[in-house]
Amino acid sequence: MGKRKKSSRKPMGPKKSDPLPSTFTCLFCNHEKSVSVKLDRKAGVGQLDCRICGQKFQCAVNYLSAAVDVYGEWVDAADAVAKEDTTNSRYEGSARTPKSLKRSQNDRHAGTDEEGGEGVFADDDDYQ
């Protein structure tokens, strides 16, 4: 025994897909929906900027690119920079110096002065 056929069944149309997002969470200030992406397909440029912290990013796009692709490239670029910074940890151009490093530098200078005149050489007699 089979099931009865319903003659009043309507044909299903295609499913409506939700549009892809064009606003995202900022990687630097962590505000949700603060990063907006604009695609200029004629110029082939995707621009991303945060309304809160002012972070900006640009990348090349093609006719298949979406806002998600620009955001993904930004995430990858930020990760690459962060990874590069950890491998180059010997960079000394920072304005802030850790306290432990300051102490070790001060100890080096203080030790040479207190060691009983080791810093006095024969050349110093000419200047008196």
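This is a predicted model: local features need pLDDT of at least 70, side-chain atom pairs count only at pLDDT 80 or more; totals for chains, interfaces and linings use all residues.

Student: OK. How many helices and strands does the protein have?

Tutor: Two helices and four strands. These are DSSP runs numbered from the N terminus: helices are H or I with at least four residues, strands are E with at least two. Along the sequence the pattern reads β-β-β-β-α-α.

Student: What's the strand order in the sheet?

Tutor: The order is 1-2-3-4, in an open sheet with antiparallel pairing. Two strands pair if DSSP finds at least two bridges between them. Strand 1 and strand 4 are at the edges with a single partner strand each, so one side of each has no neighbour in the sheet.

Student: And how many bridges hold strand 2 and strand 3?

Tutor: Six bridges, in the antiparallel sense. Strand 2 covers residues 35–40 and strand 3 covers residues 45–50. D40 has V45 as its bridge partner, and L39 stands opposite G46. Strand 1, residues 23–24, pairs with strand 2 over two bridges. There, T23 partners S36. Strand 3 and strand 4 pair over five bridges; D49 partners K56, and L48 stands opposite F57.

Student: Which residues in the turns have positive phi?

Tutor: G44 is one, with phi near 75°, in the hairpin of strand 2 and strand 3, which has four residues between the strands. G54 is another, at about 80°, in the turn of the strand 3 and strand 4 hairpin, which has five residues between the strands.

Student: Back to strand 3. Which of its side chains are buried?

Tutor: G46, L48 and C50 point to one face and are buried. Buried means under 20% relative accessible area, exposed means over 50%, and partly exposed lies in between (1.4 Å probe, protein chains only).

Student: What share of the protein is buried?

Tutor: Buried residues make up 16% of the 128 residues.

Student: Who's in the largest nonpolar core?

Tutor: That core has 13 residues, and F24, V35, V37, L48, V70 and W74 have the most contacts inside it. Strand 2, strand 3, strand 4 (56–60) and helix 1 (67–87) each give two or more residues. Helix 1 gives the largest share, four residues. A nonpolar core here is a set of buried Ala, Val, Leu, Ile, Met, Phe, Trp, Tyr and Cys residues joined through side-chain atoms within 4.5 Å.

Student: What does L48 touch?

Tutor: Not counting residues up to four places away in sequence, L48 touches V35, S36, V37, Q55, K56, F57, V70, Y71 and W74. Contact means heavy atoms within 4.5 Å.

Student: New topic. Is S34 buried or exposed?

Tutor: S34 is buried, at 2% relative accessible area. S34 lies in the loop between strand 1 and strand 2. Its side chain reaches the backbone oxygen of H31 at 3.1 Å. Beyond four places in sequence, S34 touches F24, C26, C29, D49, C50, R51 and I52.

Student: How many aromatic pairs are there?

Tutor: Three. Rings of Phe, Tyr and Trp (its six-membered ring) pair if their centres lie within 6.5 Å; planes under 30 degrees apart are stacked, over 60 edge-to-face, and the rest tilted. F28 and W74 have ring centres 5.9 Å apart and planes at 50°, so that pair is tilted. F28 is in the loop between strand 1 and strand 2, while W74 is in helix 1, 46 residues apart. Ring pairs link F24, F28, Y71 and W74 into a cluster.

Student: Last one. Where is D69?

Tutor: D69 is in helix 1. At 39% relative accessibility, D69 counts as partly exposed.

Key
Residues are numbered from 1 along each chain as its sequence is written. Side-chain values use heavy atoms; hydrogens and water are left out. A polar contact is a pair of N or O atoms within 3.5 Å; within protein, one must be able to donate a hydrogen and the other to accept it, and residues adjacent in sequence count only if both atoms are side-chain atoms.
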